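Here are my notes on the model you sent over. Have it open while you read, and skip to whichever point you care about.

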Amino acid sequence: MSNLHADTVAFVRETMLPQKEPPASTVGIMGWGKKNLFTGPFNTIVTVLCSAFVAYVLWMLIPWFFAPTWNATSLGECREMLAAAGRVGDHGTFGACWGVIRERWIQLLFGFYPAELYWRPIAAFLLLFVALAPVLFADKVPGKLLIFTAIYPFLFPWLLWGGTIWSPICAALGFVILWAVVKYGSEAIGQLGAIIVAVIAALVWWLFLSGYVQDALVSVMPLAIETVASRDFGGMMLSITIGVVAIACSLPLGIILALGRRSDLLIVKALCVGFIEFIRGVPLITLLFVASTLLNIFLPPGTNFDIILRVIIMATLFSAAYMAEVIRGGLAALPKGQYEGADSLGLDYWQAQRLIIMPQALKISIPGIVSTFIGLFKDTTLVSVIGLLDPLGLSNSIRADQSWNGVVWELYGFIAVLFFIFCFGMSRYSMYLERRLKTDHH
């Protein structure tokens with residue numbers, strides 16, 4: 001036994017060997033490249049060809065981008081500066097004419113909005129982020145901010161268009177009437193009856209009574225800021241205004257349409273299906289033409305219906321139809337057990353939708369909802385066709401100026417960057433929201 005122990009004791013580990021670093025070819029940039037770019041002959045060839053193409057594009061683009069033309073005051077002066085810098089090729093001078101951006105960037109942002117009032121749209125859009133914070137980042141900001149979120153929809157148009165402060169206050173009172181009748185009338189006449197009465201009461205207030213009350217308040221205390229006409233709106237400010245309002249209104253309207261399309265009530269279902277299919281079968285540009293020309297024919301003579309408001313309504317209805325189908329897909333993706341679970345808890349239809357069904361359906365639909373939002377925001381450029389001067393409409397006006405006639409890529413590139421910032425931000429937020437709401441750990 002002692003000899004056996006003496007023979008095997010040498011194999012007992014007495015010290016631990018230190019860990020060695022992994023091979024350099026498997027970690028860091030080299031490891032990532034080997035794993036993703038050079039996994040085989042085909043991938044290696046594709047990587048080399050794509051790298052050569054990207055290098056060629058950058059080699060052509062960077063000199064064009066870094067052109068010494070920032071202080072130019074016309075296209076001719078840009079060409080003179082490029083010629084003086086030796087930027088002359090076979091087809092004339094080569095380089096971007098950034099002078100047009102330096103001279104017109106404020107116009108591309110604000111259109112013809114009065115320069116001394118720029119603080120108002122800036123304040124409106126900065127406050128927009130404050131109002132959205134409790135909605136977008138509910139777990140990171142104080143819940144009391146929701147009070148400002150409720151006030152903001154009435155503050156936003158007042159800051160942009162101006163006028164008396166009593167106008168948004170009277171508009172807000174209509175919603176107060178709506179809420180009060182629903183809350184205190186449900187016990188007396190039932191929930192559905194209270195909703196119907198509340199809607200009628202709010203419409204009576206907005207259409208017939210609020211104007212007289214507003215005039216009386218103005219005569220007593222004329223609190224107002226300078227009015228700005230809709231024809232002065234333009235540029236990125238116009239696109240953001242239309243996009244933000246249409247996005248905010250299309251989501252709840254899309255939810256109602258999606259629920260209506262799945263309803264067991266034949267008339268409600270037929271109306272929702274008819275609306276969705278009609279809107280989805282008509283191009284947005286057609287609806288915008290209807291908003292700009294035909295809508296006035298159906299209104300009473302002398303009615304002054306703001307063109308931007310008409311466009312917002314049409315864009316909202318267009319987006320809501322697509323939103324309804326996205327949300328309907330989320331509702332259809334829910335297992336039947338979720339509906340049965342809501343029934344087993346004794347919840348009525350609206351409680352089940354609010355507490356169980358709709359939160360899960362919206363979570364499933366997040367990518368589709370954000371894609372619809374991004375598409376709607378980009379579609380705001382179509383308003384240039386009906387005479388509104390969004391960034392694209394303004395670019396045509398700028399190129400009509402003799403000094404900048406012939407400038408194309410610089411203007412379109414600047415506008416593309418502006419839209420990319422907003423759309424990329426929305427897509428990043430949707431990914432963040434998906435990660436935050438992810439409840440499965442597979």
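The points below go from the overall build to the salt bridges.

1. First, a caveat: this is a predicted model. The protein chain holds 18 helices and four strands.

2. On overall shape, the radius of gyration is 30 Å, whereas a compact globule of 442 residues would come out near 22 Å. Along the principal axes, the C-alpha atoms fill a box of roughly 110 × 80 × 45 Å.

3. Buried residues account for 33% of the 442 in the chain. As for contacts between residues at least 6 apart in sequence, 73% of them join residues at least 24 apart.

4. Charges next. I get 28 positive and 26 negative side chains, with the centres of the two sets 5 Å apart. Side chains of opposite charge can pair when their charged atoms come close. Here the count comes to seven salt bridges.

5. Have a look at aspartate 401 and arginine 104, which form a salt bridge with their closest N and O atoms 2.8 Å apart. Aspartate 401 sits in the loop between helix H17 (391-400) and helix H18 (409-437), while arginine 104 belongs to helix H5 (residues 99-110), so this pair ties together parts 297 residues apart in sequence. Arginine 104 has a relative accessible area of 15%, so it falls under the 20% cut-off and is buried. Aspartate 401, at 26%, is partly exposed.

6. Glutamate 277 and arginine 261 also make a salt bridge, at 3.0 Å from N to O. This pair links distant parts of the chain, 16 residues apart: glutamate 277 is in helix H11 (residues 266-280) and arginine 261 in helix H10 (residues 235-261). Arginine 261 is buried at 15% relative accessibility, and glutamate 277 is partly exposed at 36%.

7. Where do arginine 328 and glutamate 325 sit relative to each other? Both are in helix H13 (residues 307-333), and they are separated by about one helical turn because they are three residues apart. Arginine 328 is partly exposed, with 30% relative accessibility, whereas glutamate 325 is buried at 16%.

8. Salt bridges with shared partners join Arg261, Glu277, Arg280, Glu325 and Arg328 into one network.

Terms used
Residues numbered from 1 in each chain as written. Predicted model: local features only at pLDDT ≥ 70, side-chain atom pairs only at ≥ 80, totals over all residues. Heavy atoms only, no water. Salt bridge = Lys/Arg side-chain N within 4 Å of Asp/Glu carboxyl O. Helix = DSSP H or I, 4+ residues; strand = E, 2+ residues; numbered from the N terminus. Buried < 20%, exposed > 50% of the residue type's maximum accessible area, 1.4 Å probe, protein only. Rg over C-alpha atoms; globule rule 2.2 N^0.38 Å. Contact = heavy atoms within 4.5 Å. Lys, Arg positive; Asp, Glu negative; His and termini not counted. Charge placed at Lys NZ, Arg CZ, Asp CG, Glu CD.
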